[in-house]
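Student: Please take a close look at a single chain and stay with it. I would like to know how it is built and where it meets its neighbour.

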Amino acid sequence: MMKKQSLTKTMNPGVHFLINYAVPIIFIILVAFAIPLSGLSGEYFIREIMIRLSRNSFLILALLIPVMAGMGMNFGIVLGAMAGEIGLIFITDWRIIGLPGMLLAMLISTPIAVLLGYFAGIVLNRAKGREMVTGFMLAFFMNGIYQLVVLYGMGNIIPISNSSILLPRGYGIRNAISLLEIRQVLDKLIPLEIGGILIPVANLLVIATLCVFIIWFRKTKLGQEIRTVGQDNDVARVSGINVGKTRILSIVISTVLACYGQIIFLQNIGTMNTYNSHEQVGVFAIAALLVGGASVAKANIPNVFIGVILFHTMFVVSPRAGKELIGQAQLGEYFRVFVSYGVIAFSLALYAWRKRIEKENERKKAMASKRGILVKQQYDRRK
Amino acid sequence: MKKKIQNIIKNFGLPRIIIFLFLVLLFILTPFVGIRFDTSINDVIVRFGMNGILVLSLVPMIKSGCGLNFGLQLGIIAGLLGAVISIEMETIGFAGFFTAVGIAIFFAVVFGFLYGLLLNKVKGDEMVVATYVGFSSVSFMCIMWLMLPFKSPNMIWAYGGSGLRTTISNQGYWFHILTNFLQIKIGSYITFPTGTILFFVLLTFLVWAFFRTKMGTAMTAVGSNPEYAKSCGINVDKMRVISVILSTVITAIGIIVYQESFGFIQLYMAPLYMAFPAIAALLLGGASVGKASIKNVIIGAFLFQGILTMTPSVINNIIRSDMSESIRIVVSNGMIVYALTRIMRVR
């Protein structure tokens, strides 16, 4: 009986809104408390958010298409990030600098990303209904392969001429690679400063182009097909769509976009941790998207930007707030890791829970209508 | 004959056979690369004792249909709490060990109950939710380790005076308390950790016996066919919660045995990825997402720990590099991906 009551309650639009947007609402409250606590100046704050907006948006946008295809959050974007990093290693080796270097890195890493995406797509097709956890484990698995290739293969089997990026033993790439030659080439391509704050115009233009692309893509035939697959596999199959292929394609697109996203991310930072830079890409991008009000089944462009701003505000603020509040910056560090994981856990659990309730409701409705037909038949017979 | 071999391969699983042959090969290679065969065997046995219970802990949840316990870290946290509190209480020897276990069981029951309720709410998506519940609880406990009012000078940071250290030695409390129990020395290179192995056997037997009781059978029924179980009058949700509690409790005990043998209590981010090796070991032993047995636990823990111990020493000696860590990542995570992509036979 209790359950039924809570079900009718969710029908109430106000409560419905609260449950749908629980994560962003909690986050806004959290941030509203933490900002004054941190004591950061407004200018510093805006500068930081601007940097993070240009740095992270592309990666998060890469998540949208698999959500459309009903495959949930693509934890496999880590694979794309690895591909991007391999491209960056090569251009550093060949000492190609500036914007051409960055573009070349993208060019080199595209086929790798396509290949990895295709592989991920096949694996995820074999794990229908468990895409997220499989994608997540796949990222760990590929991390091992990446280590084998970069730490043992490069300089050994794959020729690397620039000894400054090799480990002293003669093969394997160093833990950190300086990307000084391509550092912020995109950010500073079209220089614009407003009130001492650098606006990375070119970077924002690239992000805007991607947004337009995604909006356009939704309307193309392929985009429509992906959405149909996302709504109902069987309906899609009946209408002649190759479900498996469409799902693979959506993962390939996502992986390639993630690869570009990682290159944009790293050109902003300016150094690359060869073996760690990609590890947390998936977690942070997905947490940000969920904070922006997206769910496993529905994510759009506004979610991305709201998410980046809210999530990274918390990132900027929490170490300071932790220090001011308890006197330990370390606490803030742990707190933001906790929040990233917690947000994902909470959103996924909430979504799975609602999905189950909806399924039960549907079943009850079907049962009720069946009973209704029976009653009507009996009534007719009696007449 | 051909059919017979095919049958064996099908029953035992190709990846398992490959890994088994690989392990045998590693053992054969030991004398040629200058490693003592008996020390290697000893290492494998010790590590088997350390990790066996953690692998065992996955079984109840798989049996009740909750899938692989990616939220193993919850049990580990309960175990860590037990260990840390027992040291704070200055309990020494067997008393200390069992104090730690007792406290850990208490926390594990509480955590397991709440975790079980959550997993009932998210039926069908247990694994991905569990992964992030595990991760977020580990990072939450990072905050707690800093803030909880522990006083023992053996555990807190020396300079700051507050917050627990990242690794705490349990030497002088209950270090090797099981390992040294009835220890058997064979030659100068093999010391058989009788106590640890006996403890593992005891727990394994208890789990085995449990699944032969009425409740255990009901739990298996819930896992293999929930609809049927429901029509038999079994409370499906309750059975699932009990299985989760059971898994969490065994994990908590398992991590204390691990620390007892290892000598250190690792806090903060150390437990973050501890679920994966245990899961990989069980899968290596022949379990799948929906099916696991005690046999899988023993074979899996032995094979996995064998590979883990042998690859670094042998491979690194042959090719003079430290590739084994990457190979370990590929093998263990690859095993999990492989299991997740297989169509479930039972469920």
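Tutor: Chain B has 14 helices and 4 strands, where helices are DSSP runs of H or I with at least four residues and strands are runs of E with at least two, numbered from the N terminus. The model is predicted, so local features need pLDDT of at least 70 and side-chain atom pairs count only at pLDDT 80 or more, while totals for chains, interfaces and linings use all residues. Residues are numbered from 1 along each chain as its sequence is written, and chains are lettered from A and ligands numbered from 1 in the order in which they are written.

Overall dimensions come next. Along the principal axes, the C-alpha atoms of chain B fill a box of roughly 65 × 60 × 35 Å.

Of the 347 residues of chain B, 51% count as buried. Buried means that 20 or more other C-beta atoms, placed from the backbone, lie within 10 Å of the residue's own; 12 or fewer is exposed, and in between is partly exposed. Among contacts in chain B between residues at least 6 apart in sequence, 74% join residues at least 24 apart, a contact being two C-beta atoms, placed from the backbone, within 7 Å.

One residue of the chain deserves a stop. Tyr268(B) sits in the loop between β4 (264–266) and α12 (275–284) of chain B. Its phi is near 55°, a positive value in a residue other than glycine. Most residues other than glycine have a negative phi. Tyr268(B) counts as buried because 21 other C-beta atoms lie within 10 Å. In chain A, Arg95(A) also has a positive phi, near 55°, but Arg95(A) counts as exposed, with 11 C-beta neighbours inside 10 Å. Arg95(A) belongs to the loop between α6 (77–94) and α7 (98–125) of chain A.

As for the neighbour, 31 residues of chain B are in contact with 35 residues of chain A. On the chain A side, α8 (131–153) and α15 (329–382) each supply at least two of the touching residues. That side divides into 25 nonpolar, 7 polar and 3 charged residues; Ala, Val, Leu, Ile, Met, Phe, Trp, Tyr, Cys and Pro count as nonpolar, Asp, Glu, Lys and Arg as charged, and the others, Gly among them, as polar.
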